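Here is a briefing on a structure, written for a reader who has the sequence and the coordinates at hand. Please look at both before reading on.

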Number of protein chains: 2
Amino acid sequence: MSEDTENLPIGRVSEATGMSVHALRFFEREGLFLREIPRSGGGQRIYQQADVDWLVLCNRLRASGMPIATIRKFAELIRSGPGNEPDRLALLQEHEQNVQAKIDELQACLGVIHTKVVIYEQHVQDGTAAGLWAPAPQQTSPQCQTPVPR
Amino acid sequence: MSEDTENLPIGRVSEATGMSVHALRFFEREGLFLREIPRSGGGQRIYQQADVDWLVLCNRLRASGMPIATIRKFAELIRSGPGNEPDRLALLQEHEQNVQAKIDELQACLGVIHTKVVIYEQHVQDGTAAGLWAPAPQQTSPQCQTPVPR
DNA sequence: CTAAAACCTAGAGTGCGCGCTAGGTCAAGG
DNA sequence: CCTTGACCTAGCGCGCACTCTAGGTTTTAG
């Protein structure tokens, strides 16, 4: 009946998640699943839709820069059953902050890059040529560590 | 007079840019500077403020995900003198698009993560416990490749 | 029943962006 | 002069997140 999304072999999970079968086996070796993936009589992995859903979330976390080690921590918290929800929440909140900070940094970089683009567009348009590669409209203040304080 | 920001040894450039001396030598080996860095009689590198400015821009490009190889292309274009400004512009524009795309992706991930955070906050507040780790309020549509089409 | 396709394990290899070590040389203060 | 610390080259090593290979087994379509 509902065997369309249940009892999935690794190839279907690969399709469903966009991950390679290598990556899926790697994830298992690294303990990133929420359970032991059961095997068929012949030793082949049999996934369920819930595993796919978890992988999809993992992909979001990875895409937003969470390292494998942190995903593993999160998976371990979930595997160790109820009772540690505050820890899980803290982990997610910290990552949320990291992502927001990354976005802010990228926005700042984007500003610098766009400034350069505009300069080059002007130059290409009317054939000027002067210090084109200069880093931005500023030359004397040597402070560039954390560009966007808030 | 202006020897405060001119004739800089590698240590001062390291301070000024936040890069390690290893990274600065690596950059030179990889041909990422806009010129040959001159040496003192004893073979030590002597940088100018313009080199620091370029490095600061490089750091912005790196921080926004531009690989070393692309920075090298850009540096080569600049080194080969005027005449290829449209190429430089194209390179910068492409990177600008990449950065914008990355920001959009991160925003999408942030949305998913924040949803999870809210769910956990609710749960932690009133002691519920049901499918907490589920990827998002959706279970049946298996499409998650390029999350933010535009 | 057979052949092809999918799957298995163990382990080695890859690309990036540096980091670090070894074994020295050079420059500035006392 | 001598010490100290910054600097030099050459090149190996590392951490991450896979990716690929080799050699074999299982499943499935015809």
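The notes below cover the interface, the symmetry and selected side-chain pairs.

This is a predicted model: local features need pLDDT of at least 70, side-chain atom pairs count only at pLDDT 80 or more, and totals for chains, interfaces and linings use all residues. Residues are numbered from 1 along each chain as its sequence is written, chains are lettered from A and ligands numbered from 1 in the order in which they are written, and side-chain values use heavy atoms, with hydrogens and water left out.

**Interface between chains A and B**

- Chain B gives 49 residues to the contact, and chain A gives 49 residues. Contact means heavy atoms within 4.5 Å.
- About 4700 Å² is buried between chain B and chain A, and carbon and sulfur atoms give 73% of that area. Buried area is the accessible area (1.4 Å probe) that two parts lose on being put together, summed over both.
- Between chain B and chain A there are zero salt bridges. A salt bridge is a side-chain nitrogen of Lys or Arg within 4 Å of a carboxyl oxygen of Asp or Glu.
- Nine residue pairs are in polar contact between chain B and chain A, both residues at pLDDT 80 or more. A polar contact is a pair of N or O atoms within 3.5 Å; within protein, one must be able to donate a hydrogen and the other to accept it, and residues adjacent in sequence count only if both atoms are side-chain atoms.
- On the side of chain B that touches chain A, the elements giving two or more residues are helices H3 (49-63), H4 (68-79) and H5 (85-126) of chain B. Helices (H or I, at least four residues) are DSSP runs, numbered from the N terminus.
- H5(B) provides the largest share of that side, 27 residues.
- The side of chain B that touches chain A has 28 nonpolar, 12 polar and nine charged residues. Here Ala, Val, Leu, Ile, Met, Phe, Trp, Tyr, Cys and Pro count as nonpolar, Asp, Glu, Lys and Arg as charged, and the others, Gly among them, as polar.

**Symmetry**

- Chain B superposes on chain A by a rotation of 180° with 0.0 Å of shift along its axis (RMSD 0.1 Å). That is the relation of a two-fold axis.
- In chain B, the C-alpha of B:Ile103 is the nearest to the axis, 2.9 Å from it.
- The same surface serves both copies, with 100% of the contact residues of chain B recurring in chain A.

**Salt bridges**

- Over all chains, the structure holds 10 salt bridges.
- A:Arg45 and A:Glu28 form one at 2.6 Å, N to O. A:Arg45 lies in the loop between helix H2 (21-29) and helix H3 (49-63) of chain A and A:Glu28 in helix H2, so the pair ties together parts 17 residues apart in sequence.
- A network of salt bridges links A:Glu28, A:Arg39 and A:Arg45.
- B:Arg35 and B:Asp51 form a salt bridge at 2.5 Å, N to O. B:Arg35 is partly exposed at 33% relative accessible area, while B:Asp51 is buried at 5%. Buried means under 20%, exposed over 50%, partly exposed in between (1.4 Å probe, protein chains only).
- B:Glu85 and B:Arg88 pair at 3.8 Å, N to O. Both lie in helix H5 of chain B, three residues apart, about one turn of the helix.

- The side chains of B:His123 and A:Glu85 are joined by a polar contact of 3.4 Å.
- B:His123 lies in helix H5 of chain B and is buried, at 7% relative accessible area.

Note on methods: Copies are superposed by least squares on the C-alpha atoms of residues with pLDDT of at least 70 in both.
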